[in-house]
There are 2 protein chains.
Amino acid sequence: MRLVIARCSVNYAGRLSAHLPLALRLLIIKADSSVLVHADGGSYKPLNWMSPPCRLDEQPGRWVVTGKSGETLTIELEEILADSSFDLGIDPGLIKDGVESHLQELLAAQMHVLGEGWRLVRREYPTPIGPVDLMCRDAAGACVAIEIKRRGEIDGVEQLTRYLELLNRDPLLAPVQGIFAAQEIKPQARILAQDRGIRCLVLDYDSMRGADDGALRLF
Amino acid sequence: MRLVIARCSVNYAGRLSAHLPLALRLLIIKADSSVLVHADGGSYKPLNWMSPPCRLDEQPGRWVVTGKSGETLTIELEEILADSSFDLGIDPGLIKDGVESHLQELLAAQMHVLGEGWRLVRREYPTPIGPVDLMCRDAAGACVAIEIKRRGEIDGVEQLTRYLELLNRDPLLAPVQGIFAAQEIKPQARILAQDRGIRCLVLDYDSMRGADDGALRLF
DNA sequence: TTGTTGATTTCGCAA
DNA sequence: TTGCGAAGTCAACAA
């Protein structure tokens, strides 16, 4: 990894065109030749960048980075204040816990909280327009499709609605009910769901991990 | 901006939990106290980070960054190989060209590619649920609503469907047809559009800029 | 390889 | 402040 502090101007030509006027910035060149141009603010997103795979052509006062599909990042170097390199090695990588797939696993393993005699048909139940997170049957044997989100917004309700519309065309499955489950359900999403006869379920991740059934509330 | 090369382990506790085992990494502390943890690969996204606004508590061998809503990033510093600071000043910012609004302008100026005698009624045609990108009339005088996306996915078809449903309630406008136009249309979006009687149009930005009508293909 | 979905998405604009 | 839509989204995973 090479770190350069330089007064530079930058041009990008790819899906769009973008230009950065002359200013002092941090330039990062990673081991795979990818380049990041950072300012001293904003968030983690660079002002401009080139993703790997790419090739860096270093000329005096000018770097030209060319991407896989021909896009180019051109950096004009006016003045270099610092330039240092380090060998960091390969990173062991990030370990995450608490994302949507975990919610799906937990709810799949706790079908009983939905009601007596409910059972899981399968996770990621395939349909032509994408997989239903959980397909199950209630005590009476009727189909129920469950869409799980970390944050329940209108898009998720629309997604579940599409699944239900399609599934209900199949006489072997119909009628299929829907449940919209999320750690947090936005008011607009809740209203839309209820308007469409879809039940809402608020999930509590920590409590589910502890298998505390009281944490699940059906609306 | 402060740049630190250090052997460190990192823990994040917020919406999710994440952990980085001990390894050599680049730590960036920006002027607003936001922190980025980068490895020597991957893309522009850091392995871990804290977005502003946040507060950095620097203890010996440990940094604790606390975010606005209480999330924390804890960095345990095992060994520091480099540590330098720079004053970059405020960046003048990025100038972009080639985004969705430009596609809208270009298509609005090239109505004839849709067919003989087509004309534009107006761009950003207002409805109670949001503006229709382009409203036009075909040679027979029938209304056509056009939704433009850079990448055409299912959400865009849903959006256009909502507009059409609403517009078709107005006897002065009905029947209103729909066209879904994008630089790239995903298969599922195309299927959904066709199922709903919405035509798909693939746009080529470069050719449109050159006003090459042959670049537009109606499906 | 291609396609689809989730994300600590981030970012910008408008109501 | 909140909500909605776009992004050079990125990244993980399945077909």
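The following legends describe close-up views of a predicted model.

The model is predicted, so that local features need pLDDT of at least 70 and side-chain atom pairs count only at pLDDT 80 or more, while totals for chains, interfaces and linings use all residues. Residues are numbered from 1 along each chain as its sequence is written, chains are lettered from A and ligands numbered from 1 in the order in which they are written, and side-chain values use heavy atoms, with hydrogens and water left out.

**View 1. Protein surface near DNA strand C.** DNA strand C is surrounded by 20 residues (near: a heavy atom within 4 Å), the closest being Ser43(A), Arg150(A), Arg151(A), Arg15(B) and Asn48(B). Of the atoms of DNA strand C that come within 4 Å of the protein, 80% belong to sugar and phosphate. Strand 11 (143–152) of chain A, strand 4 (48–50) of chain B and helix 3 (187–195) of chain B each supply at least two residues of this surface; helices (H or I, at least four residues) and strands (E, at least two) are DSSP runs numbered from the N terminus. Strand 11 of chain A provides the largest share, four residues. By class, the surface holds seven nonpolar, four polar and nine charged residues; Ala, Val, Leu, Ile, Met, Phe, Trp, Tyr, Cys and Pro count as nonpolar, Asp, Glu, Lys and Arg as charged, and the others, Gly among them, as polar.

**View 2. Phosphate oxygens of DNA strand C and residues of chain A.** An N or O atom in the side chain of Arg151(A) lies 2.7 Å from a phosphate oxygen of DNA strand C. For the side chain of Lys96(A), the corresponding distance from an N or O atom is 3.0 Å.

**View 3. Contact between chain B and chain A.** Each chain gives 57 residues to the contact (heavy atoms within 4.5 Å). The two chains bury about 4800 Å², 59% of it on carbon and sulfur atoms; buried area is the accessible area (1.4 Å probe) lost on being put together, summed over both parts. In chain B, Asp40(B), Tyr44(B) and Leu88(B) lose the most area to chain A, together 16% of what that side buries.

**View 4. Salt bridges between chain B and chain A.** Five salt bridges link the chains (side-chain nitrogen of Lys or Arg within 4 Å of a carboxyl oxygen of Asp or Glu). One of them joins the side chains of Asp91(B) and Arg25(A), at 2.5 Å, N to O.

Technical notes
Polar contact = N/O pair within 3.5 Å; in protein donor to acceptor, adjacent residues only side chain to side chain.
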